[in-house]
Amino acid sequence: MRAMLLRAARTPLETSEVDLPAPTERQLLLQVRACGVCRTDLHIVDAELDRPKLPLVLGHEIVATVVERGAAARQFEVGERVGAPWLGWTDQTCRYCLRGQENLCDAALFTGYTLDGGYAEYVAADERYCLRLPAKYGDAEAAPLLCAGLIGYRTYRLGGESAERIGIYGFGAAAHIVAQVAVHDGRRVFAFTRPGDTATQDFARRLGAVWAGGSDALPPEPLDAALIFAPVGELMVAALRATAKGGVVVSGGIHMSDIPAFAYRLLWEERAMRSVANLTRQDGMEFMAVAERVPIHTSVESFALDEANQAQERLRHGQVRGAAVLIP
Ligand SMILES: [Zn+2]
Ligand SMILES: [Zn+2]
């Protein structure tokens, strides 16, 4: 099969011919119909996440068709469309798994990082971590739901049930999905983009944001929660400055530049700062139910498989409106 291979950090992906993966007991052999390009993929290429299997097939927003099942795989039928997300396997025996936090599993394996992912024509995935996808989304439109949507949703939920005014910093793939869910839930969304990026600010307003501006600006009223989707540590402090008493700043990303020192008074009055790591299968099922109920319009820019490097460069430079998706 054809796959885009990362052979070493900080080198371009190479179009390669590799063996078709053979599914083990609980795995499915999947034919990839679409695979999203996530900011995390860039962190892996750039060695900011430094423990990938090598050579590696990136990609953890996989929409695919089941073409073969391992001997003990029975959850999905051959021919069925499934999604394979970032969480690819957990041990179910460590202290985190035992208390329902498999997202923090000590031995977890991740799709497109420590397992081969979806920048390829085929991929093998453990069926226990695959998800059914709402039929109303096309393949390319469904791909960003699998990380941008899922991790975005976990980030949003950690912003708190009672958060009414939600700030979103970094208005890319995750933000454009979460904003629609938040607006549908009756929250008010304040969108923060790179200063001067009026096109993305207009995009945010079209999705229902009540206010949009540069990340260097303060919102017209303080926020109950701020969700950070850009890997820029300064935004954690900017967002803290914009929150009301009891507000929370949640980082949805897996990597971020250092957070600068800040005065304790910004954190005082029970403000909090936290991160989100990975996802649980429960998150996956809950979010797909949300995606079924809420009409989410995912904005996608499609690329051929061998254009993966170009897709990543466009993402790196903030040139993708919504999400970039590879179509093998
Ligand atoms: Zn575990
Ligand atoms: Zn991702």
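Hi everyone, let's start on the outward side of helix 8, where Gln282, Met285, Ala289 and Arg293 are exposed (12 or fewer other C-beta atoms within 10 Å of a residue's own, with C-beta atoms placed from the backbone). Before going on: this is a predicted model, where local features need pLDDT of at least 70 and side-chain atom pairs count only at pLDDT 80 or more, while totals for chains, interfaces and linings use all residues. Residues are numbered from 1 along each chain as its sequence is written, and chains are lettered from A and ligands numbered from 1 in the order in which they are written.

Now, which residues of helix 8 are buried? They are Asp283, Gly284, Phe287, Met288, Val290 and Ala291, where buried takes 20 or more such neighbours within 10 Å.

Let's zoom out. The protein is divided into domain 1 (2-145 + 296-327) and domain 2 (150-275), with bounds from an automatic or database domain assignment. Their C-alpha centres lie 27 Å apart. In domain 1, 16 residues are in contact with twelve residues of domain 2, meaning C-beta atoms within 7 Å. Helix 1 (residues 39-45) gives the most to that side of domain 1, with three residues.

Terms used:
Helices (H or I, at least four residues) and strands (E, at least two) are DSSP runs, numbered from the N terminus. Two residues are in contact if their C-beta atoms, placed from the backbone, lie within 7 Å.
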